[in-house]
Structures are given as structure tokens and as C-alpha cells.
Amino acid sequence: MQSAVIVFPASNCDRDAATALEKITGHKPLMVWHEETTLPKVDFVVIPGGFSYGDYLRSGAIAARSPIVRDIIKKAGNGLPVAGFCNGFQILTEAGLLPGALMRNKGLRFVCRPQKLQVVNKKTMFTSGYKDSEEITIPIAHFDGNYYADEDTLRKLRKSGQILFKYIDNPNGSLNDIAGICNKAGNVLGMMPHPERAVDPLHGGTDGIALFKSVLEAVR
Amino acid sequence: MKAIIHIGLKPGVLDPQGRTIARSLAHMGFDSVTNARQGKTIELNLDTEDAEKAQLDVEKMCKQLLANTVIEDYQIEIVEQD
Amino acid sequence: MIKIVITPELIAEHGLSEAEYEIICTRLGRTPNINELGIFSVMWSEHCSYKSSRRHLKKMLTKGDRVIQGPGENAGVIDIDDGDAIIFKMESHNHPSYIEPYQGAATGVGGIMRDVFTMGARPIANLNALRFGDPSHPKTKSLVAGVVHGIGGYGNCVGVPTVGGETNFHRGYNDNILVNAMCVGLAKADKVFYSAAEGVGNPIFYVGSKTGRDGIHGATMASAEFDDDSEQKRPTVQVGDPFTEKLLIEACMELMATDAIIAIQDMGAAGLTSSSIEMADKGGVGVKMNLDKVPQRESNMTPYEMMLSESQERMLMVIQPGKEHIAIEIFEKWDLDVAEVGITTDTGHLVLTHKGKTVCDIPIAPLGDDAPNLRRPYSKPKILETLNNDPVIDPIERGTDYKDIISILITSPDIASKRWIWEQYDRSVMGDTVQCSNSGGDAAIVRIHGTNKAVAITTDCTPRYVAADAFEGGKQAVAETYRNLCSVGAEPIAITDCLNFGNPERKDVMGQFVRSIEGIDAACRALDYPVVSGNVSLYNETNGQAIPPTPCIGGVGLIKDLDRYATLAGAKTGDHLVLLGNTDGWLGASLYAHLILGHDKSDAPIYAPPPVDLKAEKAVGTYIRRLIRDRRVNAVHDLSDGGLALAAIEMAFANRLGFELKGSADVPLYAWLFGEDQGRYLIAVEDNSLNPVISTARGLNIPAQRIGVVGGDRLIATGAFDLSLHDTHMEYENWLPNYMAD
């Protein structure tokens, strides 16, 4: 599987995503600069975490309007698997690939800690490697992780199984404890936690490995 | 020409920053404050004399970038400068 | 243009003495103009010239087998094998953080990171040592919130993990908080960049944010005491832009991979002035700059403003002629302002032009050579008496319950959990953080990317010891960092220091300064653990009241193999607790003495602090590292504040396992539990390791005693206390969040 990691100005977690992808898929991902207008031919795209554009204006707002994202939107529409972690999730909502918005944490403070999550729907290409309702621990590190969508949207997400991960002990006020969702077609994932920071025993936990392995399986 | 844009959260969207502001003011003795909403103001300098065109352009800017219309509303004020 | 007349008042406002002004006139052969006056004033300020401290800092040990570059450059450089180097330094940003806590702390983080990456090292870890006033002081809470928010706001956005540090509270810092920021970076040993601008006729490039009117006279503010007018100094605090800093890091890393750079320096205190002058002085060249080329954020900036501006996120570099386009392309890709602003010359002068006129022409050498190097008089601090163990300080005799003592100690602001603080820092970005604040451990551990080795990093200082005996206190700060590193299995390599003191014009303060440097140096020499970089912050005083003397030390060590490291977690039920090192039960200047006996209430210290036996420190530290290498220990924790009781409790928190301890017959129970004798470690060993560990230690003349066992859910010290692990842990966790809550 050939993957790609998109790099925006101040995407801090691009290297982390690349390290995790190389470790698990055995192939170095392509690092794609935000100014490219076309994605190279890849099987999986990761939009990494960080502080693209300093989170200025709104987290992920400016990155979402970059040339490369336009092509990602097109290709995702044709089924290309895309995963956005943390800032990546913010960029996906700003780009309209996922519904809702990520707002300032309810506690008004940046939170970095290992976070307990529940895998709500294991029937997707991102979660097939987990058990039903499995409790996992993945680090979070964010200031604007408070997921919001109107009642109508939330109902639709619940009904169509688009909620993939929920917080156990909600750290940021997200409605319905939503930590990660996918689009209706199930090929675009957005989640606030950082699975790429849970792939090495020295990280203190390896619950992130199953996510990447699930994608690897699906793409095979 | 100058455009002054006020961007705020849609009514009904929880605003923890606004809530904290209102509480802090109350703690300071300003007990007439019943609610606070926090937004932002963006000022743009526009190199044009056409106020109507400016309004239309800024509308597009708001929809396309400056406001996240999922959770934010905006108000535009066009100011003619000497 | 109005010509500004140089008056005695103007000279004084610039912080220059009459004698210093005379020297300037002599060297120039005329009176200086306002730009030249400004330049001399910042270069000769305490902050830039180290005029009060230079002659004393010279005494310190700065060389070692692994030292590639000692003090004198932007940061220190050490070798960590395989062609890798670690570049690190600690710096203060005290005065600005008091005035504007968020931006003061943020720009402190930004500044220290630039000192590291300007030498070619990608920053891989940040730490900070913070000292705030008494919690009851009206400003403390908002200062804590602002500083922490600022450190997180900058460090998180730049994408470098903030992995450790320390936070103390004491009334001595009520009006002068301390924010010491440390940065550690990774470089290739053969690709370290220095600041000497060698060669004539080489282009000088400016890169980064545009120059504004920020922080003009920041250097002189850092050198001035606060008085009640300090609130009005707010406009001089700089505002940080971590987004631009991140772009600067990436752009510099890319450019440094080429061979286009001859020399590079970041613009910190005294901005364009200090960077251009230091680069030229080191390279033995002159510099000519056209200020019209400097990217400006404000209109109508004067030469004075441009030269003294402390706008952040800017670098100055000398580029190889012919390679300018490489630099320009890279900086334009990263959307950073880049401009060719000058050229190196053979005149040895700093020549500045603006709008076609020469607005400054001074020889550079005097700025360094004639910088004041003061012989400040100092008094020798008096030796205090020893606090003897005596029934009068026995809790039982005093009617104090051990339970209450433990409660007071673990909820004391210095000891209580700092989770509220470090949960606001991204500790795991870059994917190589092995150990950080959330383990409660002795040192942070950060893996060297792509390898199986790591650096261990720690910061320490015990100001109440330094106040009681500056020499022993200085030794102790170094020794504690040494112990912290040994505790995780790291070979201690070198230190950086951040020396925070009051007004050096006062003999007692100067005496503390000199003696603590001597203590630091004694420790460095005995432990083979040199100083490679550092910073001095003086005038931390308000209305004549100085801070407690606070020589903060940042230590760095190497863990050669991550299959062999230790933490204070890892103990198993049934493990034996063994205490290594000598225990006499020293209570002078201890937390027990201060908080339980009330010694902190007095204005001046009464009793001497625990002495540091450097030979013993080296012996025990070496032995601990050997035990870790040989996998003979499950958990290690070195002893410090609160002595054995607190060390055992902290280990219990980390392991979520209780303990049962039994005291020694030789030392009164309270002294055994709370004494702060130095050079000691608490370890958890398995059954089959117990005898070998103890007998080998004793064979090396290291006192070793089995003192208890791990297990259960109670914290038990026979004859003293029997507490619930869970409840005690909650008390420890709750103090700070309750204090910070609205």
C-alpha cells in the first residue's frame, strides 16, 4: 500500500504520521506539499495533526482551502481512503468532507493526556481491526477538539453508524462524546486523538496499530 | 474602502468563552450582565471605489473563508474612506 | 530629521555611567550620535555584556570528553556518539513574564529555541523551571495561568514537546517571578553552525518576521529592577508568533542541509544590534548594513528603532557568495521575509546607512573589549549553625500527628501534583517521548529519532538551600540533576545554568552569586560534568527586596540503549525497598523544618542546608547506573525535598502500590523520614537481587539498607503513619486544580 501524508505550513505531526505508516505498512509514505494541485497515485491519504497556519483564523480553516485539498475532495468523492488526525479532522470539517465543526475545548485549556475511547462501530475500513465496543487508549493533544453538529446531523451520524470513536470521560465537551467519525460512504475518517502516537511500546501504548492495519487490509 | 466584518457564533451554539466572560464580569461586581458572546472582528482594506462590488466580494470572502458557516454568522459593514 | 542632542540625562536613561560614556567618546574620537549611543547602551547592558558576572563565570569548568562547544556560542554542544550531537541551553525571561505573563513566557520559549536551532539542531524537547509568589499573593494565580498558557501556546504550536521542568512557589518571588526556559536539540556533530562571520565581502541576509517597534530597550529592562512604575513598561514586551517560528525552523533546517551558510545567529535581546555585532566581532570583520533593506512592519521606523527592536522570530546569516539564490528560494517557499541587508567588510567597523546617509560608524572591537567588566564588591555569607536532632523538633514531643505532617508536605505548593500545568503542554508530539512529567519521574527521556538511544533531561534548584548556604546550595543543584539522570540510567554529560539573583550592586546578593558559582563549579569538577551554556538574570528585585538566590541547573545525559533505563514505576508487589547512601537525618533547611517547624516564617535562614559529599554522589550514582544496566532494579527514585517519606510516597503513587517501611535504630524516626541528606536513592529490588545489591554496595563503601517492602494499598511507616494510598494520592492531585479553579 502506498500512502501519502499532506504537509501544510506548521503541520507538526507529519513526521509522526510518516513514521507510523512506514512502520506498519512497510513503505515510506509520499510527503505531499500543500501547494501541489494533484495527488500522486496513492491508496491512502493522511492529513496529519499539528497547528497548520498556527490555527490562525480558525483551526484548519486556511489549510482546507489549499490547492491539494481540492484534489483530495475530488478523489475522496471517488472512494479514496482519507484519514485526518486532530488538525487533520479540523481540516476535513472545514473542507466539507465531514459534517460538523471542532470548537474550543469546553474547559478552555489545551489538553494532552492518554485518552480512553470506545470503538463504536467496527464495521468500517478504519476500525475492522478492533473488537466490538473495544476500549482503547490513544493520546489526545488539542485546544479545539470540541465536536459540534446540529441535532439533525447528530441524529444522522448516529443512525448511519458514522460515529466510530467515543470518549470515555469526555475531555473537551464534544457533543455525544464524539471523538471520531466517518463520512456516509465510510472512506473518510476524522478523529481528534492521535493514533500515530500509539504505535510503539515506548509510546506507552500501541492501540493505534489496529487502525492502520485495518486500512492496510481494506486496501489490499 | 474598508470592510469591517463581525463574526460570531450562531445562536444556539455553546460559547464557553462567552460564558466565562460573563461570569468573570459578574464576579467583578457588574451584576447587570446577563449574557456574553465572544466573536471576532476582521478589518479589510480594499483597493476599490465601488461600494456595491466591495459588499458582494466581501460576502463571498465570508462564505468561502472568513466565517465557518456551520457554526458562525457574519455581519459586513462597508466604510468609505477619504 | 531632527538631530538629537546627547545630554547627561539621555546618557543616564540609556543605563550608561559617566565613565562608560567617556570610554565611548575616546574610542570614537568624538561624541556618539543617538544611534551609536543606543547601540553601546544595549551592548554594555547587564543582559548583553554580563558585566557583573563575566569574571566569575570564567572560573567554571567548561571542558569535557564529550564537549564539542562550551559557553560562548548561542548554545552548548555535546557529543552523544554515532556522529550525533545534542545542543542545549536554558535562558530566563523573568521581567517580561511578570509584566505580560502570556507573551513573556511565550517569547521566552521562542527565544531559547532559536538559540538552539541557529546552531543547526532541530529542537526535540523543551523544559521550564518556574518560580511564582506565595499562592495567597493577589497576582500569583493569574501569573501561573498566563505563564502556563503562554508556554503551552508557543511550544505546542511550534510542535516541540514540553517534557519536564519544575514549579515552585514562595513569597520571595511575589513581585519577581522566574520563568527559565530550556531547549534541547539534535544535530549532526559535523554539521554544527557557528556565529563567527568569517571572510570579507560576504552577503548578510535577514530572514523571518518583519521588524516592528517591539521591545525596544527590552535588554535594559531585563537589567533594571522593578519599581511601582513597571506597569507602564508594558509596551516594551514582545509578542511571539509560533507559526512563523515553526516555518523558520523548517526553512533553516532545509538551508542548513546545503552548504550555503557561513555563519548564522538569531536576533534575541537587542535584536539586529547584538546579532550583527557578535557575528562580526567573532569573525574579526566589519559589517556594513543598509537599513532601507530591513523588512519593516511599521512605517517611518528610525535607524535607532530598527537596530534596537526586539521583534521576534528573526535570524541573521552570512551566506556564501554565489549561493544567495538557494537561501532566497527556500525562505520564499516557506513564506518568510528574506532580504539581503549588508555585507562583511575589512574595516572592523559597524557602518549603517539609512535613506542615503551614514547614521552609524563605530569600531566593533570596543563593544566587546571595552565592555564593562565590573569587580563588584561582595560579602562572604555567614555560616549558619546545624539543626541538631533533638526531642524539641520531634513531632511526638510537639504533639503533631505524622498523618498531618504528610498531608502538609504533599499538599505544599512545591510538592503537590503539577498535572494542571503539564496537561496543557503537548508532551508527545514528534513521537519520541519515552518519559515526561506525567510519570512523576526524575528525568524526562526523549529518544533520538530512528535510534534506540535517548537523552535524559532534568532541571533543579533548591533555593532555600542556596539562601542558607550559597556554596552548598550551588553544589546541591548540580548534584541533584546528576542524581536525576543516574536514576533513569543515563550517563550525566553536561549542564546549562540559569542564574537568577537580585541586585548585584548589593554586597550580600553579589556574595551569594559568587559563592553559588563556586559551589556549582566544585560539583562540576568532582562529577566530571561541565557547564556548556548558560544565562545570568540579575536585578530580580522589587523595592529593594531580592528573590531567594536561584541558580537553576539543567542537566543532560545519555541513555545508550533504551532496553536499559529505569523509572520510579516498575516496582512489583513483594519487591524489597532498599535505601542507598548515607542517612544522618539532616533536617536543617529541609521542607520539614520550613513547613512543620515554621522556619520558613523567619526573614533569614537560620540553619545550614544538607552538605553534599561529591565523592559519595559520584560513587552512588555510578553504582545506580550499573544496577540499571545489569537489570538489578525494578524502580529507582532519588531523594530530595521531603526526604525518604516523600520519595517512598511518590514511588507508591507511580506504582499504585503501597509500602511498609521500618526506620533505622541510629536515627530518630522523624529525622529518618524527613531528613534531606543528599546522595541517596530509593530502589525496589526483587528477592534474588536483594543480597547481591546490598553486599556489592557495601563493598564499594556505599551505605545500603533494606528498609521495607512494596505492596498493598496502604502507606505505612512503622511508628509513624498508616495512610490510604488512594486518599493520599487524591490530596496530592487536588491541591493545584482547586487553587486554580475560579
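Student: Is the crossing of H8(C) and H10(C) left-handed or right-handed?
Tutor: This is a predicted model, where local features need pLDDT of at least 70 and side-chain atom pairs count only at 80 or more, while totals for chains, interfaces and linings use all residues. Residues are numbered from 1 along each chain as its sequence is written, and chains are lettered from A and ligands numbered from 1 in the order written. A crossing is left-handed if the near helix is turned anticlockwise from the far one by less than a right angle, and right-handed if clockwise; that of H8(C) and H10(C) is right-handed.

Student: At what angle do helix H8 and helix H10 of chain C pack?
Tutor: Helices (DSSP runs of H or I, at least four residues, numbered from the N terminus) have axes fitted to C-alpha atoms over the stretch in contact, with angles from 0 to 180 degrees between N-to-C directions. H8 covers residues 140–158 and H10 residues 242–256, and with their axes 8 Å apart they pack at about 35°.

Student: Which residues of H8(C) make the contact?
Tutor: Residues are in contact if their C-beta atoms, placed from the backbone, lie within 7 Å. H10(C) gives C:Pro242, C:Phe243, C:Glu245 and C:Lys246, and H8(C) gives C:Tyr154, C:Cys157 and C:Val158.

Student: Which strands of chain A stand at the edges of the open sheet of nine strands?
Tutor: The sheet has mixed pairing and the order E2-E1-E3-E4-E11-E10-E9-E6-E7, where strands (DSSP runs of E, at least two residues) pair if DSSP finds at least two bridges between them. Each edge strand has a single partner, so one side is left without a neighbour in the sheet, and the edge strands are E2 (30–33) and E7 (135–142).

Methods. Contact = placed C-beta atoms within 7 Å.
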